Amino acid sequence: MSSRILAVDTATEACSVALLCGDDIISRFAISPREHTQKVLPMVEEVLTEAGVTLNQLDALAFGRGPGSFTGVRIGVGIAQGLALGADLPMIGVSSLMALAQGVFRTTRQSNVLVAIDARMSEIYCAQYSRTAEGVWQGEETEAVLLPDDFKRKFAGISGQWSYAGTGWEAYPSLLSGDEPIKNSQITLPDAQDMLPIAAQLWLQGKTIAVENVEPTYLRNEVTWKKLPGRE
């Protein structure tokens, strides 16, 4: 069954929008850490116009639920809720970390991915994913906020072919000692186009969320610490 799903993500420095129409994907992507609110709605309008559809003609609206920047996650969730409410659309939350894993598969066909993004405060948001032959990502239960050394201990001794993705590897070079069988995927930020395969699966499974029940994923409450006066 073909579906029309709009995906919106502003959880990190990247701002991206993508539209799935049947087998076609139309996407926009920009790195704009402080301009998400200015860029995201014009991106939405662009992809809808290019596809020749309106919000009311969509089946669902997917959003990057985090983890990521506290402000970025909040902006993306809020904008997605507003769009979905106006068009009476169900919503689908997609992990920012899983979207990174899907980006690795899209570009390299690698099915085993370690993801780590910089969470500030000397920590990382991280996860370990494997993609099944049916195209389902397993490992959502491994999503956590950890000290880099703790995450390194978790994946120590892994076997098989793996790739890594996210900003955490550059921020914390000690994650890799150099002898692990892990390749750099060159994927550092989530992209809305990589949310769409995941969202489409959830849509077919009926795993949607009503607008009023949407919640972001921060993985820790301490993210607000960075927003206190004098904290940078």
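β4, helix α2 (residues 70-87) and β5 come together as a right-handed β-α-β unit. Keep in mind that this is a predicted model. The two strands of that unit also belong to an open sheet of five strands, ordered β3-β2-β1-β4-β5, with mixed pairing.

- On average, neighbouring strands here are turned by 15 degrees against each other, if you ignore direction.
- As a bit of background, strands of a sheet pair through backbone hydrogen bonds, and they do so either parallel or antiparallel.
- Helix α6 (residues 192-204) lies across β1, β2, β3, β4 and β5. Its direction makes an angle of about 130 degrees with β1.

- Strand β4 covers residues 60-64, and five of its five residues are buried.
- Both of its faces are covered. Ala60, Ala62 and Gly64 are buried on one side, while Leu61 and Phe63 are buried on the other.
- β4 pairs with strand β1 (residues 4-9) in the parallel sense, over four bridges. If you want a spot to look at, Leu6 has Leu61 of β4 as its bridge partner.
- β4 also runs parallel to strand β5 (residues 91-94), and four bridges join these two. Here you can pick out Gly64, which stands opposite Val94 in β5.

**Thr10, a residue in a loop**

- Thr10 lies in the loop between β1 and β2 (14-21).
- The side chain of Thr10 reaches the backbone oxygen of Gly72, at 2.7 Å.
- Setting aside neighbours within four places in sequence, Thr10 touches Cys15, His36, Val40, Gly72, Val73, Ile75 and Gly76.

**Glu35, in another loop**

- Glu35 is found in the loop between β3 and α1 (36-51).
- With a relative accessible area of 40%, Glu35 is partly exposed, because that value falls between the 20% limit for buried and the 50% limit for exposed.
- Glu35 and Cys15 are 20 residues apart in sequence, and their C-alpha atoms are 8.3 Å apart in space. Cys15 also turned up above, as one of the contacts of Thr10.

**Helix α4 and what covers it**

- Helix α4 spans residues 148-155, and its buried residues are Pro148, Phe151 and Phe155.
- Looking down the axis of α4, you'd see these buried residues fall within an arc of 65 degrees, so they line one face of the helix.
- After α4 comes Gly157, which has a positive phi near 85 degrees.

Conventions. Residues are numbered from 1 along each chain as its sequence is written. This is a predicted model: local features need pLDDT of at least 70, side-chain atom pairs count only at pLDDT 80 or more; totals for chains, interfaces and linings use all residues. Side-chain values use heavy atoms; hydrogens and water are left out. Buried means under 20% relative accessible area, exposed over 50%, partly exposed in between (1.4 Å probe, protein chains only). The arc is that of the directions from the helix axis to the C-beta atoms. Two strands pair if DSSP finds at least two bridges between them. A crossover is right-handed if, with the strands pointing away from the viewer, the path from the first strand over the helix to the second runs clockwise. A polar contact is a pair of N or O atoms within 3.5 Å; within protein, one must be able to donate a hydrogen and the other to accept it, and residues adjacent in sequence count only if both atoms are side-chain atoms. Contact means heavy atoms within 4.5 Å. Axes are lines fitted to C-alpha atoms, for helices over the stretch in contact, and angles run from 0 to 180 degrees between N-to-C directions.
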